[in-house]
Amino acid sequence: MYLLIERIPLDPSRGSCVHTENCFVPISEIIAVEETEFNKKQRNIGRWQKMAKLHAFTVHYVKKARNHRWRCSAATFWCVDEHLCNQWTQALKELLEMQKSRPKQLLVYINPFGGKRQGKRIYEQKVAPLFSLASISTDVVVTEHANHAKDNLFEVNIYKYDGVVCVGGDGMFSEVMHGLIGRMQKDSGIDQNNPKASLVQCNIRIGIIPAGSTDCICYSTVGISDPVTSALHIIVGDCQPLDVSSVHHNDTFLKYSVSLLGYGFYGDILKDSEKKRWMGPMRYDYSGFKTFLSHHYYEGTIAYQPAKHTHGSPRDKVSCRTGCYICKQSEKQLAEQNKEHGLKKEEGEEEWKVIKGKFLAINAVNMSCACPRSPKGLSPAAHLADGSADLILVRKCSRFDFLRYLVRHTNQDDQFDFPFVDVYRVKCFQFTSKLSEDNESNVMDVGKKRFGQFCRDHPACCCNIVNSTWNCDGETLDSSAIEVRVHCQLMKLFARGIEEDCKDEAGHSQSSIEQLL
């Protein structure tokens, strides 16, 4: 159902219409309806001068602009019939009440330390007024230390909320996600340490208000890192399922990941940047340049099971968009496979493919990992909710070739079109470093044993590094042997995916919107 809004800019000197513009607003994208009082200045326009009293109401709605940006706009409707005005107001409010997907009560966590330390200001000035306008009640918790939100989610009554909102960067989102998923498994009696456990889906949606150094998850699921846009997606009750990967080591749960799980290049960048937090966001540029010059590679073995249930491939150039057909069909196919064979039986029967080699980077992504610097991301055709991850292997190559590969993340060229780059769509994989495979000596002995070899491989830096660090959604994870499994649509976001061809309305007039009833 749509509401037709007719824009009638008036020429006060002539008391007549200059031109009209019509726009259709879905009821689902109306934010609020409220009664409006007119003052004399507003009434003293053209034909309304002679009328003694006007009755009016204002409709606040979503206005879409370029680059997936949303803004809150308003249209004021008036007439001389008070009863008619009240009828319209009541009818619209009843239609809004029928929007059952909209949240009424939210739990909000604010990280005051992340990014440029603007989280609290962003929420209070840009987000809270919109929640208030939409009659959403909130319980706000300003976090005081790491894992504050995660620990708190194990204690509060989360079932009285329609969703949880995190104000911060990707690290804050990860903390809230771990708290919510962990709480759901605990309440359901699921052992998270079992890598083959069928996890319980988390139906409590998470909203992301971007306010961090990196907001990759928000950018990849909404199309822009903008607090107002994200707040409006929460208000209208959007819902985007999201795949989650679990990471285990020797039957011990380590982490969950929804965006990047990177070993080698991206792991080394994160490990180095953690020592330079005092530099702010620019620490990633410095550490990235330093890591590129070091040009470390790492030996190991990767075993994976192909995601045969998926309807797409990493190189088909089909991007994940709102209402994605591939995600829906892949979910359906995966559900049918699990119902027919059973999860454990299916995994035991399917063949594992094994790859050994020397790698500059090993990346597994559940989404494109797009950001303003890399609009396509690490895997442009990765899907948010198809029950698979894209496993990208960058083998040992020259610095120049590796630079060519990195540059392709910023342009429209095929970044997988290199002989040293392989990409696979998988539902689970295992990685074991060369060091972990060697059971005959401890870490120190292996380091001494391989010192000469590594110095020959890296004459410029004379290093003896034998293991990298995993970059798990922007957090370091030290484990040389891991098992990763994708859980289809384990959680949900207050988002709708990236919309196709958002209409640019930025150039439209911002004057008052008037309609005679």
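I looked up Tyr109 and, skipping neighbours within four places in sequence, found it in contact (heavy atoms within 4.5 Å) with Val141, Thr143, Ala149, Asn152, Leu153, Val156, Val164, Val165, Cys166, Val167, Met172 and Val176.

Housekeeping: this is a predicted model, where local features need pLDDT of at least 70 and side-chain atom pairs pLDDT 80 or more, while totals for chains, interfaces and linings use all residues. Numbering runs from 1 along each chain as its sequence is written, and side-chain values use heavy atoms, with hydrogens and water left out.

Next I checked the cores, meaning sets of buried Ala, Val, Leu, Ile, Met, Phe, Trp, Tyr and Cys residues joined through side-chain atoms within 4.5 Å. Buried is under 20% relative accessible area with a 1.4 Å probe, protein chains only. The largest nonpolar core has 67 residues, and Tyr109, Phe173 and Met491 have the most contacts inside it. Helix α5 (residues 170-187) gives this core its largest share, seven residues. Helices here are DSSP runs of H or I, at least four residues; strands are E, at least two, and both are numbered from the N terminus. A second, separate core has 25 residues, including Val108 and Ala231.

Then I turned to strand β5 (residues 30-36): five of its seven residues are buried, so the rest of the structure largely encloses it. I found six bridges joining β5 to antiparallel β6 (residues 55-64); pairing takes at least two DSSP bridges. Glu35 has Phe57 in β6 as its bridge partner.

Last, the overall tally: I get 15 helices and 22 strands, with 55% of the 517 residues buried.

Note on methods:
Buried means under 20% relative accessible area, exposed over 50%, partly exposed in between (1.4 Å probe, protein chains only).
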